[in-house]
Amino acid sequence: MLKYSVIPLLALCSAVTQADHRHYSHSTTRLAWVTQVSPIYERITYSVPREQCWQETVAYEERHSNTAPILGAILGGALGNELGHHKSNKRVGTVVGAVLGASVATDISRQRRGHHYQTIDRCEIQDHREWREEIVGYNVSYRYQGEIYHTRLPYNPGKQIEIEVNVTPHG
């Protein structure tokens, strides 16, 4: 009976020992020789503000004066009052004459009003898109123990690269 209990016990101890070796690993750093470095470029778009200026001709009207319509209303009212024969006709004539006088004077002043022109400088800021190539990383090839390996790094490592070597027992 002892024979039947020792064999499974030995098998169990052997399995535990192998499991411990399988999970054990050792890591160390080494230097490897770099065989090739190629920069990785990416096209970057950016905006550049630029001032755009031009000359523009602008028409200006002379300032509008209310003097002509007022004088036209007064003269038209006086004339309308003189043309009326009775008191009620004089009132109606005054009102009609004032309105017509103001309207005629406004039309005449508009015709006489002139435009003058002036050349002015106008400017505005506009965004222009530009592109540039930027290095975003490096494709690196290196030799370690006669084998060539490849990796991508954010920097140029130079002639040698520090690598991490993991040693795990085979079992």
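Predicted model: local features only at pLDDT ≥ 70, side-chain atom pairs only at ≥ 80, totals over all residues.
**Exercise 1. Placing Gln 36**

In which strand is the place of Gln 36?

*Solution.* 
- Step 1: Start with the secondary structure. Gln 36 has its place in strand 1.
- Step 2: List the neighbours. Leaving out residues up to four places away in sequence, Gln 36 touches Asn 139, Val 140 and Ser 141.
- Step 3: Compare sequence with space. His 150 is 114 residues from Gln 36 in sequence, while their C-alpha atoms are 9.3 Å apart.

**Exercise 2. The overall fold**

Now zoom out and summarise the protein chain: how many helices and strands does the secondary structure come to?

*Solution.* 
- Step 1: Count the elements. There are three helices and four strands.
- Step 2: Along the sequence the pattern reads α-β-α-α-β-β-β.
- Step 3: Check burial. The protein chain has 171 residues, of which 18% count as buried.
- Step 4: Look at contact range. Among contacts with a separation of 6 or more, 79% involve residues 24 or more positions apart.

**Exercise 3. The disulfide**

Find the cysteines that form a disulfide and work out its handedness.

*Solution.* 
- Step 1: Apply the distance test. The sulfur atoms of Cys 53 and Cys 123 are 2.0 Å apart, within the 2.5 Å cut-off, so the two form a disulfide. The count comes to one disulfide.
- Step 2: Take the torsion. About the S-S bond of Cys 53 and Cys 123 it is about 115°, which means the disulfide is right-handed.
- Step 3: Locate both ends. Cys 53 belongs to strand 1 (residues 26-61) and Cys 123 to strand 2 (residues 115-144), so the pair ties together parts 70 residues apart in sequence.
- Step 4: Cys 53 is partly exposed at 46% relative accessible area, and Cys 123 is partly exposed at 41%.

**Exercise 4. Aromatic rings**

Which two residues form an aromatic pair, and which residue lies over the face of Tyr 46?

*Solution.* 
- Step 1: A pair of aromatic rings is described by the distance of the centres and the angle of the planes.
- Step 2: Apply them. Tyr 142 and Tyr 149 are 5.6 Å apart, centre to centre, with 25° between the planes. That angle is under 30 degrees, so the pair is stacked. The count comes to one aromatic pair.
- Step 3: Compare burial. Tyr 142 counts as buried at 13% relative accessibility, whereas Tyr 149 is partly exposed at 36%.
- Step 4: Look for a charge over a ring. Arg 132 lies over the face of Tyr 46, at 4.3 Å from the ring centre.

**Exercise 5. The nonpolar core**

Which residues make up the largest nonpolar core, and which strand gives the most to this core?

*Solution.* 
- Step 1: Recall the background. Nonpolar side chains tend to be buried together in soluble globular proteins.
- Step 2: Name the members. The largest nonpolar core has ten residues: Ala 32, Val 34, Tyr 138, Val 140, Tyr 142, Tyr 144, Leu 153, Ile 161, Ile 163 and Val 165.
- Step 3: Strand 2 gives the most, with four residues.
- Step 4: Inspect one member. Beyond residues up to four places away in sequence, Ile 163 touches Thr 28, Thr 29, Arg 30, Ala 32, Tyr 142 and Tyr 144.

Note on methods: Residues numbered from 1 in each chain as written. Heavy atoms only, no water. Helix = DSSP H or I, 4+ residues; strand = E, 2+ residues; numbered from the N terminus. Buried < 20%, exposed > 50% of the residue type's maximum accessible area, 1.4 Å probe, protein only. Phe/Tyr/Trp six-rings, centres within 6.5 Å; stacked < 30°, edge-to-face > 60°. Lys NZ or Arg CZ within 6 Å of the ring centre and 35° of its normal. Core = buried A, V, L, I, M, F, W, Y, C linked by side-chain atoms within 4.5 Å. Contact = heavy atoms within 4.5 Å.
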